[in-house]
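Hi,

Could you take a look at this one when you have a moment? I've put it just below, and my notes come after it.

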Amino acid sequence: SKREIRMRKLDSTKFRPLKSEQLLHIEDHDFALRPGFGGSPIPVGIDVQVESIDSISEVDMDFTMTLYLRHYWKDERLSFRSNKNKSMTFDGRLIKKIWVPDVFFVHSKRSFIHDTTVENIMLRVYPDGNVLFSLRITVSAMCFMDFSRFPLDTQNCSLELESYAYNEDDLMLYWKHGNKSLSTDEHISLSQFFIEEFSASSGLAFYSSTGWYNRLFINFALRRHIFFFVLQSYFPAMLMVMLSWVSFWIDRRAVPARVSLGITTVLTMSTIMTGVSASMPQVSYIKAVDVYLWISFLFVFLSVIEYAAVNYLTTIEERKQLKKRGKASGTYSMDAVQAMAFDGCYHDTDVDMDLSPFPEPCEENETRASQTNISNADTPRLKRKRSLKGNVGRIILQNNHVIDTYSRIIFPSVYIVFNFFYWGLYI
């Protein structure tokens with residue numbers, strides 16, 4: 001009746017379908033059902049173009065990738081007449097009114113469709129009902145990394161695609177063009193990794209409650225650049241180990257010099273190891289860099305222990321010599337080098353030292369020695385300084401313990417052998 005027609009016109013909740021919707025007969029079909037519902041599974045082809053790999057995180061064990069994801073399928077309900085056999089292209093507004101595959105990314109943490117300036121979605125429909133559905137996505141997904149060879153490692157990651165609702169009885173996912181379905185931008189590069197290869201593969205995934213699903217894999221291998229870690233970790237560790245060997249050439253009685261050098265190298269190695277561990281995930285196994293740094297730390301630590309042994313044996317040796325030629329009074333005449341072994345102070349002249357439980361302080365010994373020679377202090381001092389400068393090398397060689405002599409050869413030799421096996425094993 002006229003009244004009903006008037007009421008329909010006044011109903012603002014109903015809109016006339018768009019011209020494109022009329023052409024595709026969208027109102028005539030139920031697009032909540034997949035094409036060919038109740039029959040054989042609908043084949044959906046996939047191809048991917050990787051635009052960029054934005055980041056690789058070792059701490060979070062994930063990667064972020066931006067890609068163009070394209071779907072191909074045939075829906076005869078969308079077929080239309082076309083005199084020139086031309087396709088029609090639509091944006092994202094038509095997606096909500098037709099059936100599209102429900103592909104999702106397995107093990108993804110975050111993902112989004114780019115929407116600047118509008119949603120990056122394209123739908124192209126051909127007269128025979130073939131559909132191309134393309135969208136630009138950034139996705140962050142898990143990558144199960146093995147750091148046992150870090151930083152000399154190669155990581156194999158994959159981005160996996162699968163239908164969420166339709167198992168293999170309803171939907172068959174496949175690579176549209178086989179191995180050529182995966183393409184990459186020529187300018188893709190990463191700061192810490194070299195991309196060795198991209199490959200596409202497929203398989204099946206089983207869920208106990210829903211059945212078997214087709215799954216597609218985007219596989220890529222990443223090889224880490226070693227030069228950064230050589231500069232930041234390996235090379236400083238080598239220098240610290242070599243610096244600890246300098247103490248083998250320092251006079252064994254120069255206690256402050258050798259002890260301070262050993263403590264400095266130990267603390268520096270600790271700082272390097274802490275810096276490397278702070279940027280890595282807290283894994284329960286040993287990494288290759290841990291092996292190198294701990295062995296280097298052991299060499300530095302052993303150089304400190306080596307001097308402790310040298311100092312202890314030197315003290316015992318000097319006391320035995322003094323006891324052999326000691327006087328009955330208990331006062332021993334010794335040269336400056338021997339006196340330094342007991343009180344740690346430098347003496348310009350030969351001194352008489354009382355080896356009682358409480359020896360005189362260094363300052364009193366020096367005062368007594370200076371008072372004895374105060375009448376002719378200037379000339380002997382000049383002679384002693386000249387003789388000291390001319391015989392520094394001889395004094396050092398004569399006053400080095402045999403342990404120092406062997407350490408100069410053993411420590412570098414063992415460290416070179418360790419480096420040879422380490423780099424040969426991991427490279």
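Some ground rules before you start. Residues are numbered from 1 along each chain as its sequence is written. This is a predicted model, where local features need a pLDDT of at least 70, side-chain atom pairs count only at pLDDT 80 or more, and totals for chains, interfaces and linings use all residues, while side-chain values use heavy atoms, with hydrogens and water left out.

pLDDT is the predictor's confidence in each residue, from 0 to 100. The chain averages 82, and 77% of the residues score at least 70. Confidence is highest in strand β7, at a mean of 96, and lowest in helix α9 (residues 392-398), at 48. Where pLDDT is low, the predicted coordinates should not be read in detail.

A word on names: helices (H or I, at least four residues) and strands (E, at least two) are DSSP runs, numbered from the N terminus. Two strands pair if DSSP finds at least two bridges between them.

What does β7 pair with? Strand β2 (residues 62-74) runs antiparallel to β7 over 13 bridges, with T66 opposite T138. Strand β5 (residues 108-113) is joined to β7 by 5 bridges, again antiparallel, and here S111 faces V139. Strand β6 (residues 121-125) also pairs with β7 in the antiparallel sense, over 5 bridges; look for M122 opposite S134. The hairpin of β6 and β7 has 4 residues between the strands, and G129 takes a positive phi near 95° there.

Is β7 (residues 130-142) mostly covered or mostly open? It is mostly covered, with 10 of its 13 residues buried (buried is under 20% relative accessible area, exposed over 50%, partly exposed in between, using a 1.4 Å probe and protein chains only).

**An open sheet**

Now find the open sheet of 4 strands, in the order β4-β8-β12-β11, with antiparallel pairing. β4 (103-106) and β11 (193-207) each have a single partner strand, so they stand at the edges and one side of each is left without a neighbour in the sheet. Between β4 and β8 (residues 154-163) there are 4 bridges, and F105 stands opposite L161.

Y164 lies in the loop between β8 and β9 (171-175). Is Y164 buried or exposed? It is exposed, with a relative accessible area of 62%. Leaving out residues up to four places away in sequence, Y164 touches D102, F104 and Y213. Y164 and Y213 are 49 residues apart in sequence and 8.6 Å apart in space, C-alpha to C-alpha.

K287 sits in the loop between α4 (255-278) and α5 (288-324). K287 counts as buried, at 7% relative accessibility. With residues up to four places away in sequence again left out, K287 touches F147, S148, F150 and M280.

Cheers

Conventions
Contact means heavy atoms within 4.5 Å.
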